[in-house]
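My notes follow the order of the look-ups.

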Amino acid sequence: MAILEILEYPDPRLRTKAQPVAEVDERVRNIVDDMFDTMYQAPGIGLAATQVNVHERIITIDISEDKSEPLTFINPEITVLEGEPETMQEGCLSVPGFYEEVTRIEHCLVKATGRDGKPFELECRGLLAVCIQHEVDHLEGKLMVDYISPLKRNRIKGKLEKKHKLEARQGK
Ligand code: QAP
Ligand code: CO
């Protein structure tokens, strides 16, 4: 198992559309395990493969307090269950240090394949519903900052670019 490097906005690779996983084999299980390692040590509650430069439709989520409920979604598909939108403050490991309000569907049904290769369905509400939508966006090359004003987005872009330059100079 390994900690993978997390791409940060405005890295253009975050705009890549992820491809479906054909078969959940050893290789895919290894990616999933590395994603959990990376997500837990960050620490974060959700990670899409896109964020670790793997352009396949794989998501890891754990919204529990004690890292006890790992959820793996391979080839996830979201169906809207209720139209009532909800606004929540979101963060993103690819946009570190910034938290912005995003409005999303509060109740959805997710169909996906698990780490065990078996298909499953999960009805999601609240934080889990928000998180799965946020992560599926990543697989489409979409980011949380796409929902905010261009002014705010550019300010975040500038600050992160400055941070990346500093890190490059310090040889991070
Ligand atoms: C997505 O995000 C999410 O800025 C998962 O400095 C977040 O795990 C969905 C993180 C909130 C719904 C609500 C962010 C860690 C983690 C940061 C994360 C940071 C360190 C974000
Ligand atoms: Co994110």
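Donors here are N, O and S atoms within 2.8 Å of the metal (3.2 Å for Na, K and Ca); water is not among the atoms, so sites may look incomplete. The model is predicted: local features need pLDDT of at least 70, side-chain atom pairs count only at pLDDT 80 or more, and totals for chains, interfaces and linings use all residues. Residues are numbered from 1 along each chain as its sequence is written, chains are lettered from A and ligands numbered from 1 in the order written, and side-chain values use heavy atoms, without hydrogens and water.

**Metal site.** I looked up the cobalt ion (ligand 2). Cys92 (SG), His134 (NE2) and His138 (NE2) coordinate the cobalt ion at 2.1 to 2.2 Å. I read the donor spacing in sequence as C-x41-H-x3-H. Cys92 sits in the loop between β3 (71-90) and β4 (100-113) and His138 in helix α2 (residues 126-139), so the pair ties together parts 46 residues apart in sequence. Helices (H or I, at least four residues) and strands (E, at least two) are DSSP runs, numbered from the N terminus.

**Ligand 1.** Which residues come nearest to ligand 1? Of the 18 around ligand 1, they are Gly44, Ile45, Leu93, Gly97 and Tyr99. Near means a heavy atom within 4 Å. The largest share of this shell, 5 residues, comes from α2.

I then checked distances to ligand 1 oxygens. A polar backbone atom of Ile45 is 2.8 Å from an oxygen atom of ligand 1. For a polar backbone atom of Gly97 I also read 2.8 Å to an oxygen atom of ligand 1.

Key:
Polar contact = N/O pair within 3.5 Å; in protein donor to acceptor, adjacent residues only side chain to side chain.
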